Amino acid sequence: MTIDDTTVQREPDSLPSPWRSSRFRLFFTARSTSLLADGMLMVSLTTAVLGAGYGAAGVGYALAAWMAPIVLLVLFGGVMADRFTPQVMMVGADVVRMVAMLALAALLVATDVRLWQIMALMALSGAATAMFQPGLASMVPQVAQDIQRANALLRIAEAICTLLGPGVAGLLVAYWDVAGSFVVIAAAYALSALGLAPLRKLSTARDDSDAPMWQRLATGWHEFRARSWLWGVIAVWAVYGLFVFGPALPLGAALLTEQHGASGYGWIASADGAGTIIGGLLGMRVRPRRPLVAGACAMFFFALNPLAPALGWSFTVTALTGVVAGCGFAFWGVMWATSVQSHIPLAVLSRVSAYDVAGSIMVIPLGRALAGPAAESFGADRVLLFSSVMSFVLIAVMLCVPAIRGLGRAPERSTGKGDGGG
């Protein structure tokens with residue numbers, strides 16, 4: 001038996017636009033600034049570590065220091081979000097990330113920064129991100145009644161910020177300095193916290209029980225495994241991360257740069273981002289009766305992402321495949337997020353979302369770590385060709401699961417929380 005909540009069915013066309021809600025506008029602005037900061041962080045961090053003389057290995061250590069706390073603590077972040085509300089946890093996380101970035105900027109200006117100092121501050125930022133991430137899923141149903149359209153708008157914002165973030169950081173590093181770029185990142189996290197702060201007054205399904213942490217985690221696990229469509233997708237997604245997402249980025253970037261030059265690779269990455277925006281726009285308009293089926297069918301096109309560099313296609317064809325693959329990935333993301341947020345009760349949504357995040361990202365670092373040795377043994381093109389085949393096979397396996405194939409649209413929650421001007 002699982003936790004249940006009451007929903008009232010509404011026709012999608014009768015739902016107000018998310019833009020009509022001041023709460024959604026605040027959340028959208030906060031999320032966009034946070035994503036922009038995330039997009040800037042990798043360029044600024046890489047520049048800082050290389051500039052300090054720690055080389056590519058130092059960059060790897062710093063990224064690992066940031067990623068490890070996310071993987072280790074994200075489940076606890078879900079428990080904390082359900083206990084203290086997502087709003088409170090997200091504001092607190094943004095404040096911690098702001099302080100970490102300002103501290104790193106100060107170290108870069110005042111001293112010869114040590115690698116362990118960079119790693120410690122990145123670990124602090126990663127731990128805050130683990131507290132921030134699970135609450136995102138719980139926020140969307142509280143600030144917008146049209147959950148699917150809200151998710152599509154957020155996906156578009158993510159694509160735009162992913163494109164702009166590295167460029168903004170590059171300009172700041174080139175025409176100001178790397179410490180200044182971290183100040184701007186800190187300011188973006190501060191803006192995110194300011195946008196989220198008024199949302200702390202939202203009513204929410206807070207878990208006020210006195211149950212210990214392990215029991216709260218067990219409740220989230222029970223809700224997760226009780227839904228075969230949910231754990232079925234995550235099980236497939238974990239394998240997908242190992243064999244597709246893991247190798248596709250590092251090996252694809254290397255081959256595309258070799259085939260089309262650095263500028264060509266940049267344009268191809270931009271084409272992928274443009275496709276993501278198109279997929280988000282489609283997600284605003286297309287409302288399939290079986291969201292996961294429609295999203296999975298769109299994900300078949302993502303197999304083109306590793307296939308293009310593996311076969312050495314021309315620049316034009318590769319760019320077009322980037323658009324198509326990005327579109328498919330974004331449309332799947334909208335369908336998946338909407339399904340989770342509309343089928344899982346708010347009282348446990350953050351905890352369930354934490355299991356979703358953990359299962360989705362946990363094996364990607366392993367896939368990236370194995371990509372290099374596999375490429376040396378078999379060739380990067382063959383590894384990417386294998387990734388393309390696995391992408392197609394795994395999505396087909398997903399569609400063979402009856403619970404995934406049969407999941408329909410959930411009735412829209414009619415709570416009034418996303419209406420009006422707030």
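The expected span of a helix is 1.5 Å times one less than its number of residues. In this predicted model, helix α3 covers residues 86-110, and its 25 residues should therefore span 36 Å, a value that agrees with the 36 Å separating the C-alpha atoms at its ends. Among the buried residues of α3 are Pro 86, Met 89, Met 90, Ala 93, Arg 97, Met 101 and Leu 104. The buried residues of this helix pack against α1 (22-51), α2 (55-84), α4 (115-132), α5 (135-143), α7 (178-196) and α13 (346-361).

**Thr 85, in the loop between α2 and α3**. Most residues other than glycine have a negative phi. Thr 85, although it is not a glycine, has a positive phi of about 80 degrees. Buried means under 20% relative accessible area, and Thr 85 therefore counts as buried, since its relative accessible area is 9%.

**The largest nonpolar core, with a view of Phe 27**. This core holds 65 residues, of which Phe 27, Leu 41, Met 101, Ile 118, Phe 182, Ile 185 and Leu 196 touch the most other members. Helix α1 gives the most to the core, with 10 residues. When residues up to four places away in sequence are not counted, Phe 27 touches Met 90, Leu 136, Met 139, Val 140, Val 143, Leu 154, Leu 196 and Leu 199.

At least two lining residues come from each of α9 (228-285), α14 (364-378) and α15 (380-400), and α14 gives the most, with five residues. Sorted by class, the lining has nine nonpolar, two polar and one charged residues.

**Gly 326 within helix α12**. The helix that contains Gly 326 runs over residues 315-343, and Gly 326 counts as buried because its relative accessibility is 1%. Leaving out residues up to four places away in sequence, Gly 326 touches Asp 272, Gly 275 and Thr 276. Ile 278 is 48 residues from Gly 326 in sequence, while the C-alpha atoms of these two residues are 8.2 Å apart in space.

Key. Residues are numbered from 1 along each chain as its sequence is written. This is a predicted model: local features need pLDDT of at least 70, side-chain atom pairs count only at pLDDT 80 or more; totals for chains, interfaces and linings use all residues. Side-chain values use heavy atoms; hydrogens and water are left out. Helices (H or I, at least four residues) and strands (E, at least two) are DSSP runs, numbered from the N terminus. Buried means under 20% relative accessible area, exposed over 50%, partly exposed in between (1.4 Å probe, protein chains only). Contact means heavy atoms within 4.5 Å. A nonpolar core is a set of buried Ala, Val, Leu, Ile, Met, Phe, Trp, Tyr and Cys residues joined through side-chain atoms within 4.5 Å. Ala, Val, Leu, Ile, Met, Phe, Trp, Tyr, Cys and Pro count as nonpolar, Asp, Glu, Lys and Arg as charged, and the others, Gly among them, as polar.
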